[in-house]
Every structure is written in structure tokens, then in C-alpha cells.
Amino acid sequence: MKTATVLLTAVSALVPASAASELMSTLKRLKLDAWAAQSEAGIFDIDRYAAQAATPCVNGKAGEYACNNVDLVSFLRHQDMGSSTRRGNDIWGWTSSTGREFAAVGQTDGTAFVEVKSDGSLVYLGRLPTQTTSSSWRDMKVIGDYVYIGSEASRHGLQIFDMKKLLNLSPSSPKTFSTTSDLTAHYSGFGNSHNIVAHPETNMIYAVGSGASGCRGGLFMLNVSNPARPTSPGCLSAGGYVHDAQCVIYRGPDTRYTGREICFNFNEDTLDIVDVTSKSRPTTLSSTAYNGASYTHQGWLADEEMRFLLLDDELDEQTRTGPAANQRTTTYIVDVSNLTKPVFTGTYQSPAKAIDHNQYVKDGLSYQANYGSGLRIIDVRSLSTDPTGKGIKEVGFFDCYPEDDSVGGIAEFTGTWSVYPYFKSGYVLLNSIERGVFSLRYTGS
Ligand SMILES: *[C@@H]1O[C@H](CO)[C@@H](O)[C@H](O)[C@H]1NC(C)=O
Ligand SMILES: *[C@@H]1O[C@H](CO)[C@@H](O)[C@H](O)[C@H]1NC(C)=O
């Protein structure tokens with residue numbers, strides 16, 4: 001739903017009319033301005049950053065990086081991963097059938113592939129260039145052995161790439177894959193997209209924020225049970241533009257929906273919960289606004305029981321709105337135990353000033369990629385007894401953007417874009433916009 005007052009001037013020419021979202025256009029303009037200023041200042045210049053050796057976190061520092069309970073294990077610059085624009089964005093991981101771990105590292109001009117060796121070190125293996133032009137936005141998710149890559153680049157569509165192609169590559173001769181002959185498939189049924197949502201349990205990809213799809217930027221559904229031949233069984237456009245989503249087979253407390261395919265959609269100014277079991281007739285169960293809503297961006301279920309959800313709003317810190325008025329990164333807590341009546345029960349505030357971007361939960365810890373304050377790991381296990389969020393504690397961090405440390409952090413679109421915390425080895429990969437990809441190890445209990 002789009003009901004909130006738009007406080008900022010929209011620049012609607014930036015997105016195709018079919019995906020027109022004034023809020024999105026505003027947000028994109030803010031970011032493009034910030035990144036243009038950075039580029040002007042030489043932030044993305046070649047050799048701007050030095051290579052880094054493994055550095056443990058000692059007395060709050062790992063080299064130039066402020067930290068707590070997180071060691072720097074390995075690092076590769078964007079220029080070391082074949083990027084000529086040297087700017088990063090999203091990241092996701094893949095584990096082979098024999099347990100080798102790899103990541104797809106998003107960059108504005110393509111996707112770099114790295115292996116995470118058993119000691120956590122990163123090795124660059126090759127890259128898949130963008131399908132059309134470069135764009136600040138590239139997003140990837142993995143189902144099975146395949147990575148699905150979308151971008152805001154015009155006419156980009158979806159690249160479907162078999163990660164098994166990485167198994168026999170040698171780091172001494174990294175390979176640049178072909179965007180035609182090396183793809184398992186290229187899906188062109190939508191043009192640009194903002195995010196790619198993957199639901200491995202149903203073999204479904206939901207491209208969101210897509211233009212030229214006739215889906216109003218909602219859930220553009222793709223059945224990828226055969227990755228070589230994706231088919232689109234439907235679209236959810238009722239709530240308009242969806243920025244990101246998490247989809248699950250529901251096994252939470254609301255027994256009316258047990259076994260249904262439920263998506264939690266982050267819809268710019270509301271949390272929308274939808275039942276997408278029927279692809280041709282998806283239904284919206286609830287659409288909920290909250291105090292502080294500025295740009296409802298992303299979130300993740302906080303617990304295996306599916307009672308609580310963590311939600312990040314991307315603009316509240318910069319616009320000093322609601323609980324985020326002090327610009328400390330604000331995470332909203334939602335009791336989703338009733339899918340038709342979710343309740344916002346409180347917030348958690350980081351000690352650091354920064355904007356939040358993406359967070360993923362693993363074993364009671366939320367790994368947050370919070371732009372200028374880097375990786376923030378928070379323990380959310382207290383939610384089952386205290387839904388206000390007062391019991392949430394930061395248990396570790398790695399600040400990959402030292403430039404703003406002297407002023408105590410800033411609410412800007414600089415620093416990290418996303419994090420992948422799901423490797424069995426425990427190595428956490430953090431993709432920074434400016435520098436490159438970090439392999440990190442959480443050393444807390
Ligand atoms: C995807 O397509 C396959 C093959 O047609 C079908 O068996 C499966 O039920 C579809 N999945 C969904 C979630 O619709
Ligand atoms: C969930 O909320 C609905 C209102 O949408 C209400 O009718 C229903 O009784 C609630 N269920 C429970 C278990 O509280």
C-alpha cells in the first residue's frame with residue numbers, strides 16, 4: 001500500500017512508468033547524488049584502497065577498521081575481482097555438493113565469483129559481466145546450483161548461471177564468462193528489476209521492482225524448477241511496488257495458514273503479508289503501516305517459530321523520522337504471530353549512527369549490513385520473552401567504512417551494501433560499495 005505522505009520531491013523520470021514509484025524514484029535520486037559526489041572525490045579510483053592481510057580484532061581494531069568480536073580473515077578489492085567500475089552492491093553464497101563454498105559478488109558492471117577456502121581466504125575465479133549496461137543496482141540469489149541475477153540496468157532481465165561452472169576454474173587464470181553461451185538461460189520477460197527474491201522450498205524466484213513487466217513493480221513470479229526454462233505463473237500487483245521480500249512455507253503460530261506459501265513484502269511504506277500459494281490468485285492478508293515509516297526496505301523473520309520479524313527502514317535515519325530521529329540505526333520489531341494482524345511491538349537502536357540496508361538472521365543472530373557502520377551482529381533471542389526489543393544486544397561488529405568514524409558515523413549511502421552469513425564454515429562475507437569483499441569471522445559465543 002502507498003498511503004504515507006511523500007515528503008521529498010519525486011524525480012519520476014528515473015524509472016519506467018510501468019514501475020513508477022515516487023518513493024523509489026526519490027530514494028534512487030538521493031543515492032545516485034551521493035555516489036556521484038563520491039566518484040567525483042575519487043572514492044572509486046583504481047588503487048584507492050590497499051590489499052589487506054588477515055588481521056584479528058584486538059582492542060577494538062583490526063587494522064584501520066573498528067571492530068568487536070569480528071576478525072578480518074581475507075579481503076579482495078573490487079579491482080582484484082575484474083571490475084572496471086570498482087563499485088559493489090549485493091552478495092549471495094553457494095555451497096557445492098562436496099561442501100566447497102563460493103560467493104557471487106555484485107558489482108555495478110557484473111558479478112564476480114570467489115571461493116571461500118577452508119581457512120576463510122578468498123580466491124577470485126572469474127566473472128559474469130552485466131547483460132546490458134552498468135547499474136548501481138545488481139541483486140542475486142541462489143536456488144540449488146544456480147544463481148539468479150537481476151539489475152536495474154535497462155533490459156537486463158534475469159541471468160541464470162550454473163555455479164558448478166566454477167568447480168574446475170583456476171585462480172591463476174580467472175575466466176570472464178559469456179553472457180550468451182555461458183548462461184543456462186536468460187529470461188527477458190521483465191526488463192530491469194530492483195531485487196531478486198528466492199524461495200528455494202518452492203523453486204520460485206520473485207523479481208521485485210521490475211519495470212516493463214506489467215506487474216507494477218510487485219512480485220513478478222518465475223517458476224525455476226527447470227532453470228533452463230523459467231516460466232511465469234503469475235504476478236502480485238495489488239500492493240504496488242515491492243522493494244524486497246522474504247517468502248516461506250508457513251509453519252508459525254497462525255494455524256489458519258500452516259503449509260501455505262507466505263511472503264512478507266517490504267512495500268515502501270507498509271509491511272504487506274501475502275499468501276502466494278495460488279500463483280494465479282495471490283491474496284493480501286494484511287498491509288500494515290507504522291510510526292516512522294519513510295522507506296520500508298527489507299527485513300527477515302527473527303525466529304524459527306515465525307513469531308517475530310525484523311524490519312529495516314532505509315530513509316528514517318537520514319530524514320530523522322519517528323524513532324530514528326537521533327539517526328542511530330533503527331530496527332523495527334513486528335509480532336507476526338497473527339498474519340492478518342501484525343503488531344509493531346518496539347524498536348532496537350544500534351549504538352552507531354548509520355542507515356540500515358540488508359539483514360539476515362541465522363541462529364538467533366541478525367547480521368545487519370548497515371552502510372557506514374558496516375556489519376553489525378545483534379542477538380535477538382530475547383524477543384520471545386520481551387517483544388519490545390529492549391533485550392536485544394549487539395554482540396559483534398566490523399566497521400568497513402572508517403571514513404566516517406571521526407564524526408561518530410553518518411546517515412549516508414556509503415559503506416556496506418549486503419552480507420551473506422549462511423556458510424556452514426561460519427565465514428561471513430560482507431560486500432562493501434567502495435572497497436571490495438571481506439571474509440569475516442565472528443568470534444563471540
Ligand atoms: C513449477 O513448475 C513445475 C513443472 O511444471 C510444477 O510441477 C510445479 O508445481 C510448479 N511450481 C509451482 C510453485 O507452481
Ligand atoms: C487475528 O486477527 C484477526 C483480525 O485480522 C482476528 O479476527 C483473529 O481473531 C486473530 N486471531 C487470533 C488467533 O488472535
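Predicted model: local features only at pLDDT ≥ 70, side-chain atom pairs only at ≥ 80, totals over all residues.
Two strands count as paired here once DSSP finds at least two bridges between them. Picking out individual partners, V361 is bridged to S366 of β26, while Q368 has R376 of β27 as its bridge partner. Strand β26 is mostly covered, too: four of its five residues are buried.

The hairpin of β26 and β27 has five residues between the strands, and here Y371 in the turn shows a positive phi of about 35°.

Strand β29 (residues 416–420) is mostly covered, with five of its five residues buried. Four bridges tie β29 to β30 (residues 427–432), and the two run antiparallel. Y420 is one of the residues involved, with L429 of β30 as its bridge partner. Six residues lie between β29 and β30, and G426 in that turn has a positive phi of about 90°.

Next comes an open sheet. Four strands make it up, in the order β13-β14-β15-β16, with antiparallel pairing. The edges are taken by β13 (195–199) and β16 (231–236); each has a single partner strand, so one side of each is left without a neighbour in the sheet. Ignoring direction, neighbouring strands of this sheet are turned by 25° against each other on average. Inside the sheet, β14 (residues 204–208) and β15 (residues 219–223) run antiparallel and are joined by four bridges. One of the residue pairs here is M204 with N223, which stands opposite in β15.

That pair comes up again at the ligand. The residues around ligand 1 are T202, M204, N223, S225, P233 and K279.

L158 has 26 other C-beta atoms within 10 Å; the cut-off for a buried residue is 20 or more, so L158 is buried. Leaving aside residues up to four places away in sequence, L158 touches Y148, I149, G150, Y187 and A207. As for Y148, ten residues separate it from L158 along the chain, and the C-alpha atoms of the two are 6.4 Å apart.

Finally, a word on confidence. The mean pLDDT of the chain is 95, and 96% of the residues reach 70 or more. Residues 3–19 are another matter, with pLDDT below 50 over the stretch; even so, this segment has 39 contacts in the model beyond near neighbours in sequence.

Methods
Residues numbered from 1 in each chain as written. Chains lettered and ligands numbered in written order. Near = placed C-beta within 6 Å. Buried ≥ 20, exposed ≤ 12 C-beta atoms within 10 Å, placed from the backbone. Contact = placed C-beta atoms within 7 Å. pLDDT = per-residue confidence, 0-100. Axes fitted to C-alpha atoms, helices over the stretch in contact; angles between N-to-C directions.
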